[in-house]
Every structure is written in structure tokens, then in C-alpha cells.
Amino acid sequence: MRVTDTGAAPQVGTGQTDRYAPYPVVADPTRWALTTTTVTTSAGPTVVQHRPGPRPLLFLHGVAGSWTTWTPLLTAADGVDGRGLVLVDLPGWGSSPAPALPLDVDESSQVLVDVLDALGLDRVDVVGHSMGAFVGLHFAVTRQDRVRSLGLVSGTTFATAAAARHPVRALRTLPAFTLLRAGLAVTRGAARGLLRGLARIGLLPLLAGPVFAAVRQLPPSVLQAFVDEFRPAGFLGAARSAARYDTRRWEAVRCPVVAVAGRQDVFARVDDLARLRGVLPEVRTVLLETCGHFAHVERPDAVVRELLS
């Protein structure tokens, strides 16, 4: 596996010891000494897995995820021993009840403030995947006082926002995102049942294939989590929120940022990394080869080295 640092001084590493998707998704919080807490937030009850400790890390999942999506990375990082952890199931995702309407980024940011306040935490290092990266960027804009640094893992940023605003044009730029959005707009509540049906008859890899660089090499727990955690209403709500968002606001981010993306990501474009370098004042970008939209699952060892070392 090749790692390309796309910063001002590009570097190439072989990463030959890394295996593709080497760790399963695990749903046992006690493995990392995490405590499960339900926090009352402005958007309703929010389930949080947390562990006290210095320099806490706040992890934000994407649209087909929950706190468990981060467990391959926790395994790769030996539980990020010695640091505090906060893993949030945003309202409507994972174990957190769904609000009446999907949250926009302002409402999601307020949920994060409520969670940190409830846990007695001041500043955190934020790591977000996909939609969680989008929320993390906005949180770093609106609450600079709470964000020490920001890690973007397979972040949906410029291309996704543009595709959400102009779906016809996006058939050329981000066809997978656009077709998925259109399909969910038609099937809506039936989509999860369809996913489960495909899983039962062994056809889920055909549907999930575009999302991962090597779907046949995934541990079964990864595909099962993909089915369990996908929320069609949340996906459509996130797309609507992205369509309304002014990405120029990211120029206000002042903390250090590391953005890690996969070469085969179908929900983002490689040139998003260059655009991030043009907007964020302090950013390093890394492109991972043989990696799709779940870099922390497909290449967890590389992501740990780039974000947490």
C-alpha cells in the first residue's frame, strides 16, 4: 500500500506491512474501558461512549456508521492508551433516537457542545469520517475554543456539497453519491429492508462494492455494520444540509488539520484535498492507495500513523 503526502513537500511511503481491513468492527465498549452514557442534548437523547483521560479525542461517525465504526482504528491504535475518548452516536444514528427532522450542521455542532459540557470537557482533538468530517469542520468554524486539532477521514467536502446542489451535473463528477441519493429518495424507508434482504442472500458485496476498494477482503463484521448503521433519512438530510452550506466558511478554521482520503473514494474526489489546502491555513493532506470511503476501516494502521502518532 502506497501513502502519498500531498502537502507542500510530497513524500511517498511504501506502507508494505499494512494489511487491507485487518480488524473487525466490535460492539463491546468495555474492550477500551469505555462507559456508555446518554446525554440530554438540544436535539434529544444522545448516546456517548467515553473514557476519561488527558488530551481527549472526539470521534464523529459518517452516514453509515456509529461509534462502532471507529473500533478498527481503536484496535490499530491499541485503544489510544493514555488519552481520553469520546465517541458520539449523533441523534438519529447508532443507538441515539432520531429527532423529528434530521439535524443540520448547526444543530449537530450544538449537540457536540452539549456532550462536551455534560462530560466536563473543554477542548478536544476532533476526528470525523465522511459526514462527521463535514460536521467537524463546521464545529471548528463555530466553536474554535473547543477544537484543538481536526482530523478528516474520507471527508465529504467540496465535491459532495457541489453534487448535493447540482445533482444532474454530479452524474459526471460523483455518480455513486448522486445515484445513491436518487435511489434513496424513491425507496426511503424501504431501503434498509432491501439492504438486509441483499445481505441474507449474499448479494450485499455487489451493492457495497463501490464504497470499498476491496470489498471481498472485508471482515464480515464490517459489512454487517454497514447494513445495521445505514440510515436513509439521515443520508438524505445530510445531503440537503450540504447543499445549503457555504464552504467558504471553512476559511475561518484556525486549528491544525490533517485530511486523509482514499484513492478509490466514490463519495469524494482526490482534488478535494488540493481545495482544502487552498482554504485551510494549516493543513496536511494524505492520499492512501487501495482505499475507498472508509479509510479508518480499510487502512486503519495508516490512518493511526497520520492522525494520532
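**Figure 1. Aromatic pairs in the predicted model.** The structure holds eight aromatic pairs. The model is predicted.

**Figure 2. Phe134 against Tyr245.** The ring centres of Phe134 and Tyr245 lie 5.1 Å apart. Their planes meet at 75 degrees, so the pair is edge-to-face. Phe134 belongs to helix 3 (residues 131-142). Tyr245 sits in the loop between helix 10 and strand 9. The pair therefore ties together parts that are 111 residues apart in sequence. Both Phe134 and Tyr245 are buried.

**Figure 3. Phe212 against Phe226.** This aromatic pair, Phe212 with Phe226, is also edge-to-face. The distance is 6.1 Å centre to centre, with 70 degrees between the planes. Phe212 is in the loop between helix 8 (204-208) and helix 9 (220-229), and Phe226 is in helix 9, so the pair ties together parts 14 residues apart in sequence. Phe212 and Phe226 are both buried.

**Figure 4. Helix 10, residues 232-244.** Helix 10 has 13 residues. At 1.5 Å a residue, helix 10 should span 18 Å. Its end C-alpha atoms are 19 Å apart, which agrees. Buried residues of helix 10 include Pro232, Gly234, Phe235, Leu236 and Gly237. Ala238, Ala239, Ser241 and Ala242 are buried as well.

**Figure 5. Asp18 and Arg305 in a salt bridge.** Side chains of opposite charge can pair when their charged atoms come close. The side chains of Asp18 and Arg305 meet at 2.7 Å, N to O. This pair links distant parts of the chain, 287 residues apart. Asp18 lies in the loop between strand 2 (11-13) and strand 3 (35-41). Arg305 lies in helix 13 (residues 300-308). Asp18 has a relative accessible area of 11%, which means that it is buried. Arg305, at 38%, is partly exposed.

**Figure 6. Glu289 and Arg263 in a salt bridge.** The N to O distance between the side chains of Glu289 and Arg263 is 2.8 Å. Glu289 is in the loop between strand 10 (283-288) and helix 12 (295-298). Arg263 is in the loop between strand 9 (257-262) and helix 11 (271-279). The pair therefore ties together parts that are 26 residues apart in sequence. Glu289 is buried, with a relative accessible area of 11%. Arg263 is partly exposed, with a relative accessible area of 36%.

**Figure 7. Arg143 and Asp145 in a salt bridge.** The side chains of Arg143 and Asp145 meet at 3.2 Å, N to O. Arg143 has a relative accessible area of 26% and is partly exposed. Asp145 also counts as partly exposed, at 41% relative accessibility.

**Figure 8. A network of salt bridges.** Arg55, Arg83, Asp125 and Arg148 are linked by salt bridges into a network. A search of the whole structure finds ten salt bridges.

**Figure 9. The whole chain for orientation.** The chain has 13 helices and ten strands. Of its 309 residues, 59% count as buried. Among contacts with a separation of 6 or more, 75% come from residues 24 or more positions apart. The chain exposes about 12,700 Å². Carbon and sulfur atoms supply 54% of that area.

Note on methods:
Residues numbered from 1 in each chain as written. Predicted model: local features only at pLDDT ≥ 70, side-chain atom pairs only at ≥ 80, totals over all residues. Heavy atoms only, no water. Helix = DSSP H or I, 4+ residues; strand = E, 2+ residues; numbered from the N terminus. Buried < 20%, exposed > 50% of the residue type's maximum accessible area, 1.4 Å probe, protein only. Contact = heavy atoms within 4.5 Å. Areas by Shrake-Rupley, 256 points an atom, 1.4 Å probe, with all protein chains shown as cover. Salt bridge = Lys/Arg side-chain N within 4 Å of Asp/Glu carboxyl O. Expected span 1.5 Å × (residues − 1). Phe/Tyr/Trp six-rings, centres within 6.5 Å; stacked < 30°, edge-to-face > 60°.
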